[in-house]
Amino acid sequence: MKIPYSWLCDFAPFQTLESKKSSSSPSYELTQLLTDSMNDLGLVVEGVEWFGAGLDGVVVAQVLEIHSIEGADKIRRVIVQADEDRPLQIVCGAFNFEVGQKVPLAKIGAVLPGEFLIAKRKMKGVDSFGMLCSPIELGLGNDQSGLMILPDDVQVGVSISEALGIVPDVVFDLAIENNRPDANCVVGVARDLAAWLKVPFAEPAIPVLPTLPPELSKNLSNVEVHCLEQCDRLLVALYEGVEPRPTPEYVARRLSLAGMRTVSPIVDISNYLMLELGQPTHPYDVDALAGAAISVRLANRGESLTTLDGATRILGMPDARGRESTDVVIVDGDDHLVGLAGIMGGEESEIKPSTKNILLELAHFQPMTIARTSKRLGLRSEASARYERGVDPRIAEVTLARFSEMLGQSPVEIVDVSLPSALDRRRIDLRVSRLNAILGTSLKAEQVPPILVPLGFGAESAGRGTLKIVVPTNRPDVEREIDVIEEVARHYGYRKIDKVRPDSKIIGTLKPSQRVRRQIGCLAVGMGFYETWSATLLAPGEQETFGDRGAFLEVENPLAKEESVLRRSLLPGLVRALRFNLNRKEEEVRFFETGKVFSLIDAGIIETERVGFLMANAGDDVTSALSVFSRIRDYFSLERISIVNCSELGSDRRGLLDANALSESWNGMHPTRSAYLVANGNIIGQVGEIDRHALAKIGVEFERRVGYLEIDFARLVALIPPPGIMKAISQFPLAQVDLAFEVPDAVSAWDIEHVLTHEANAHVTSARLFDVFRGGSLKSGSRSLAFSIRMSSVDHTLTESEISGIRADCISVVESRFKAKLRA
């Protein structure tokens, strides 16, 4: 929200804070004081713009002669007349003006915006006694293509400010939070600042207007409110025979500084008062209203209205959650729609230059009603932004009186339809002891009212250290005692409140899942991986590129179509990162990511966490992915994890990872160089290489193989055994034997390793696969797996006979369990 300094001064004499008398615009010191004060109050200043400053010494000059300069083709010698003294010679680089035209001249000694000092200069041997200016050099526009050409009727020699009616000003660009509805207008910001800086505030007086109930009205008897729950107050004023007059200059200027364009005198006044007082108003052309009256009701399902922006809106429809519509509409005497309440008026009854009779609507709508309609229709306006946060129901009379004053005539009739409770003020008990406990202060009861009363609150003692606080109607955000405490804190000053470090005897610790997440990250970094973060939202069809054709979740109102589908795997995001790096000639790539994925099944939405590893360094392939998993398995002492090809996974074990069919959830991998990780009958992940055809579809042309590992994080954590009793390390020599078995292709080497290590014999300390062989004398459908088996005892050196017995146990268990045969 943009607020000019001059507008703030209409309600509080901030200019009295100047250390010395200055021009109408504030000094830098005062501007900084106001900026710091608003920041301290939570009215964050995002920017400060100076308008019309730095124009002292800039006057209107008329071009008398234009001459070329020898040896120069980009500048010319110009003779101008700026006053009754002799003409001045100026060297100028612009070419968009002619003899006789009037242009701005910055005289020697003038300081233009940006602290640019004008001095006598010499160019190509020609003296220049000033500078002819473009709009951008004067801070009066962005045009820098040539000089600013002034109207023919301006007087030569007068200041540019006087000639163009420029009033210096400073505009503060504020970020108003949703919980500060009172600060959505100039008067609200001025009240807050005045209370903070201890200057008088001119509270807008609420006038007593000659309002009537509709039944006693002569002209507005048809005014009704049929939905008092959504609209608890409606003020309607009738103006007849309105005389056309131009928008006042100060109104147009302030609207422009606040970022609003002028439309017509009546609409400009309406917009001006909305910015000033926070009360949206809507003027209707009475002659375009059937029955010369308006009413308020809920929209019927399927009704349509063409709003002022030319769009046709379908009203009365349920929202995305299936909730019944609470769209509120304004209708005329024939029940014909003429406006979308609190958001935008209808096209048919808008104010025209020929409008003579006006019906002015001032209403108070329930905030959530306007918010839901605005969101469902995707239509926001300055009015809806204020109604959504809350409008002061008591400011309507002030706004109506100001409208009449600026219009220059009084209404013929005023009708008021309101609930008695619409103007009630909330009352809250404030315990001073509680206030001090929250803020860490030592305020006394008598010190609190001077803080709150300047903000419009009422405060009186209720005894026993309690104050009875009466909340002003412009503060619907103050609902509880803690909200009042926040107001005291803001105006007491956060800088005065000591910082307190929480003192707790409870020592925080990581949850098991958090600890595992960090441990995996450390392992990954140690293996040369870089951690990445990729977007949870993907483009439609992006997952299908990797063969995932399962049901996906689509966002109802995405910010962009390219980010509208929730990911079902980490693979697309990691491949995006790979493509980004390859496009920048970064070809040694190893990434890992931990993140949420989402699946849609009959039972509903499943959200799970996964960790993914992408390997694209030189030499990386499926063995690299297996090596990473092996490191994780060994680090966490994971047992009974098998690596199973998809074709070998029975239908009874499918879908255990995320309740979807595996063929839908875990594709995009190489058809023969990838497998699933299975433990305790459940699938916990996938390991292998990414299919090159899938990579090519998204523009990754890469000659190397790309390894990939993705694990369901929760299932991984569940497999980690609890801490056990550490076994003593043997002080005696290790024995080692090598065994090669002929086994069917369907048998996993990992399963054999596990059986040899944990079931064959208590003296076996480890078993590692060191060779795989196919062909030769081996049967079709089988292969040779060779294992290096280590064994030891904690209390003696194993004898030859003990080693032979352990070897026999290993052969027996593998042959009986896996239908294997020992190779000679």
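## Basis of the description

Helices (H or I, at least four residues) and strands (E, at least two) are DSSP runs, numbered from the N terminus. This is a predicted model, in which local features need pLDDT of at least 70 and side-chain atom pairs count only at pLDDT 80 or more, while totals for chains, interfaces and linings use all residues. Residues are numbered from 1 along each chain as its sequence is written, and side-chain values use heavy atoms, with hydrogens and water left out.

## Overall architecture

The chain contains 21 helices and 40 strands. Its C-alpha trace spans about 120 × 85 × 60 Å along the principal axes. The radius of gyration, taken over C-alpha atoms, is 40 Å, whereas a compact globule of 824 residues would have a value near 28 Å; the globule rule is 2.2 Å times the number of residues to the power 0.38.

Contact means heavy atoms within 4.5 Å. Of the contacts between residues at least 6 apart in sequence, 71% join residues at least 24 apart.

## Surface and charge

The accessible surface of the chain comes to about 41,000 Å², and carbon and sulfur atoms account for 50% of this area. Accessible areas come from the Shrake-Rupley method with a 1.4 Å probe, and for residues only the protein chains shown count as cover. Buried residues (under 20% relative accessible area; exposed is over 50%, partly exposed in between, with a 1.4 Å probe and protein chains only) make up 50% of the 824 in the chain.

There are 90 positive and 111 negative side chains, and the centres of the two sets lie 6 Å apart. In this count Lys and Arg are positive and Asp and Glu negative, with His and the chain ends not counted; the place of a charge is NZ of Lys, CZ of Arg, CG of Asp or CD of Glu.

Aspartate 182 is located in the loop between strand S12 (169-175) and helix H5 (186-197). It counts as buried because its relative accessibility is 7%. Leaving out residues up to four places away in sequence, aspartate 182 touches Gly188, Asn474 and Arg475. With arginine 475 there is a side-chain to side-chain polar contact at 3.2 Å. A polar contact is a pair of N or O atoms within 3.5 Å; within protein, one must be able to donate a hydrogen and the other to accept it, and residues adjacent in sequence count only if both atoms are side-chain atoms.

Threonine 441 occupies the loop between helix H11 (432-439) and helix H12 (449-452), and is buried, with a relative accessible area of 14%. Beyond four places in sequence, threonine 441 touches Leu435, Asn436, Tyr492 and Ile497. Its side chain makes a polar contact with that of asparagine 436 (2.7 Å). Threonine 441 and glycine 345, 96 residues apart in sequence, have a C-alpha to C-alpha separation of 50 Å.

Leucine 337 belongs to strand S21 (residues 337-340) and is buried at 7% relative accessible area. Its contacts outside four places in sequence include Arg297, Leu305, Leu315 and Ile330. The C-alpha atoms of leucine 337 and arginine 297 are 9.9 Å apart, across 40 residues of sequence.

Aspartate 335 lies in the loop between strand S20 (328-332) and S21 and is partly exposed, with a relative accessible area of 40%. Its phi is near 65°, a positive value in a residue other than glycine. Most residues other than glycine have a negative phi.
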